[in-house]
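Visitor: I am new to this structure and would like to know what stands behind the words used for it. Could you take me through some of them?

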Amino acid sequence: MGLEPVLAQELTELGANNVEIGRRMVSFTGNKELMYRANFALHTAIKILKPICHFKAQSAEDVYNEVMKVDWSKYLDNSKTFAVDAVVFSDEFRHSKFVSYKVKDAIVDQFREKTGQRPNISVSNPDLRLNMHIAEDKCTLSLDSSGESLHRRGYRQESVEAPLNEVLAAGMILMTGWKGETDFIDPMCGSGTLLIEAALIARNMAPGLFRKEYAFEKWQDFDADLFDRIYNDDSAEREFNHHIYGYDIDMKAVNTARINVRAAGLTKDITVEQQDFKDFEKPKEKSIIITNPPYGERISTPNILATYKMIGERLKHAFTGNDAWILSYREECFDQIGLKPSIKIPVYNGSLECEFRRYQMFDGRMNIFRSEGGIVKTEEEKQQMAEKHRFKKNREFKRRLDEDLENEEADIRSFKFHSFERQEERERQQRKAERRKMFDRQDDEGHSFDRGRKPFNKDRRPFDREKKSFSRDRDSFGKDRKPYHRDDRRMGKERSGSKGRSNFNRNRGDK
């Protein structure tokens with residue numbers, strides 16, 4: 001959510017017709033080639049669905065009857081497998097699984113009536129994937145042409161905690177308008193997702209180069225020659241004459257990013273080094289910063305507010321003359337940056353309603369910058385700002401963000417990912433202890449608060465981990481497991497001039 005305009009622009013540039021923006025979706029029309037290209041080349045799409053039929057339904061029986069009207073022999077036979085995914089927003093249909101079962105039953109019953117046999121269901125690797133979308137009484141049954149979500153590019157070999165979704169990373173870059181005109185920097189790069197997506201955009205490379213397969217390759221009308229031409233056509237790719245830099249204080253994250261960059265074959269364009277943001281120095285060349293710092297949900301820092309204050313100071317003193325874009329969640333965090341953003345764009349990171357903000361870094365005061373011809377907001381950006389809603393008021397802001405550390409330099413170790421599960425467990429235990437103490441207190445008149453409860457046994461025996469817990473014997477874990485063999489035919493290789501695919505379905509060359 002939030003990337004619909006970006007996806008619409010991508011589709012328009014791809015040659016799609018009748019492009020219309022909806023809620024978390026963009027509809028368009030085109031031929032088979034466009035459908036293949038959409039799966040292969042779009043940076044910000046999750047799925048490409050091809051509608052089979054539209055109808056209205058007030059009950060499960062209505063769904064069953066409408067699905068029975070479709071001639072499923074055009075798409076399936078008894079030797080094929082299929083799966084049904086349902087998305088439901090309706091008071092009448094409250095369980096998506098139940099809708100999936102009704103669609104499945106209708107298809108199976110049609111084959112059983114006509115042939116006496118039925119196709120089987122395969123959840124993990126079906127020959128045909130179907131999608132049922134219900135909004136109130138409006139139903140759309142579609143073929144899923146993508147299969148596995150398109151955000152799973154195929155280059156990510158390893159990951160850190162809470163990695164950035166590849167589609168969101170690409171959308172962030174496209175929203176800035178950057179297409180390789182300057183150097184690119186992510187000072188908190190994590191597993192390197194923003195770096196790799198930036199390189200693909202700068203070189204205009206299709207993100208589908210790393211995918212092993214798409215669902216449409218199993219369709220009865222699949223045109224292998226057409227898709228082969230699309231896959232091997234690199235005429236739209238361009239040279240990238242600048243460089244992409246990634247930094248992280250955590251050496252584990254640095255090594256992870258390097259592995260992923262190597263798997264994508266982009267080591268020529270991307271350099272990843274270990275560096276603390278507090279040591280960030282002004283780049284020699286014109287640059288853009290796009291980054292996603294921790295914001296206290298799945299990952300955080302010892303003192304997250306101090307971290308954001310440090311980010312603002314580094315940008316102000318070491319990034320003048322350039323633009324910085326920051327994705328974050330907390331208004332309190334943005335306040336600590338201490339800089340006025342020129343634009344704020346609402347966008348969702350998972351279930352979190354975040355904002356993507358641009359900071360134009362210039363010397364001196366803003367009025368002087370404007371008097372010298374500097375533009376803080378274009379007219380289009382002013383219009384967008386007027387339309388966008390602000391952060392929700394009274395958002396929960398957890399106490400841990402307000403806690404001061406004894407060592408103020410502790411936030412410099414900020415970009416290691418810290419889990420708050422243990423801290424939250426300590427807080428829960430502390431609250432329990434406080435409740436227990438209430439039963440021992442008495443008021444001024446000597447009345448007890450224990451309400452007849454037995455006193456807390458402070459001398460009770462500790463939990464017997466030897467008898468009650470899982471085995472901690474790490475040496476015995478996984479002895480009988482077979483080693484995992486990664487298919488490295490498509491990974492770890494630099495891109496070469498080879499265009500051919502010796503085996504279409506299994507090996508797509510060095511790309």
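This is a predicted model: local features need pLDDT of at least 70, side-chain atom pairs count only at pLDDT 80 or more; totals for chains, interfaces and linings use all residues.

Visitor: What makes strand E4 and strand E6 a pair?

Guide: Two strands pair if at least two bridges are found between them. E4, residues 81-89, and E6, residues 128-135, are joined by eight bridges in the parallel sense. Eight meets the requirement of at least two, so the two strands count as a pair.

Visitor: Which sheet do they belong to, and why are E3 and E5 said to stand at its edges?

Guide: The sheet is open, has five strands in the order E3-E7-E6-E4-E5, and its pairing is mixed. E3 and E5 (120-121) each have a single partner strand, so one side of each has no neighbour in the sheet. Helix H4, residues 96-115, lies across E4, E5, E6 and strand E7 (138-144), and runs at about 140° to E4.

Visitor: How many strands are in the chain, and how many helices?

Guide: The protein chain has 14 strands and 14 helices. Of its 511 residues, 45% are buried.

Visitor: Which strands make up the open sheet of seven?

Guide: Their order is E10-E9-E8-E11-E12-E14-E13, again with mixed pairing. E10 and strand E13 (343-349) are the edge strands, each pairing on one side only. From one strand to the next the twist averages 20°.

Visitor: How do you know that E8 pairs with both E9 and E11?

Guide: The cut-off is at least two bridges. Strand E8 (residues 183-186) has three bridges to E9, in the parallel sense, and three to strand E11 (residues 287-291), also parallel. Three passes the cut-off, so both count as pairs.

Visitor: Why is E9 called largely enclosed?

Guide: Four of the five residues of E9 are buried, so the rest of the structure largely encloses this strand. E9 also pairs with E10 in the parallel sense over five bridges, and Ile-244 stands opposite Ile-270 in E10.

Visitor: Why does Asp-269 count as buried?

Guide: Buried means under 20% relative accessible area. Asp-269 has 4%, so the residue is buried. Asp-269 is found in the loop between H8 and E10. Leaving aside neighbours within four places in sequence, Asp-269 is in contact with Arg-203, Phe-240, His-243 and Ile-244.

Visitor: How do you know that the span of helix H8 is close to what is expected?

Guide: H8, residues 251-263, has 13 residues and reaches 18 Å from its first C-alpha to its last. At 1.5 Å a residue, 18 Å is expected, and the two values are set side by side.

Visitor: What does H8 pack against, and what is found at its two ends?

Guide: The buried residues of H8, among them Ala-253, Val-254 and Ala-257, pack against helix H6 (193-203), strand E9 (244-248) and strand E10 (270-274). At the start of H8, a side-chain oxygen of Asp-250 comes within 3.1 Å of the backbone nitrogen of Lys-252. Gly-265, with a positive phi near 70°, follows the helix.

Visitor: What makes Asn-31 a cap for helix H2?

Guide: A polar contact needs N or O atoms within 3.5 Å. A side-chain oxygen of Asn-31 lies 3.3 Å from the backbone nitrogen of Glu-33, at the N-terminal end of H2, so the distance meets that limit.

Visitor: What is the phi of each?

Guide: Most residues other than glycine have a negative phi. Asn-18, in strand E1 (residues 17-22), has a positive phi near 50°. Asn-204, in the loop between H6 and H7, has a positive phi of about 55°.

How values were computed: Residues are numbered from 1 along each chain as its sequence is written. Side-chain values use heavy atoms; hydrogens and water are left out. A polar contact is a pair of N or O atoms within 3.5 Å; within protein, one must be able to donate a hydrogen and the other to accept it, and residues adjacent in sequence count only if both atoms are side-chain atoms. The expected span of a helix is 1.5 Å times one less than its number of residues. Buried means under 20% relative accessible area, exposed over 50%, partly exposed in between (1.4 Å probe, protein chains only). Contact means heavy atoms within 4.5 Å. Axes are lines fitted to C-alpha atoms, for helices over the stretch in contact, and angles run from 0 to 180 degrees between N-to-C directions.
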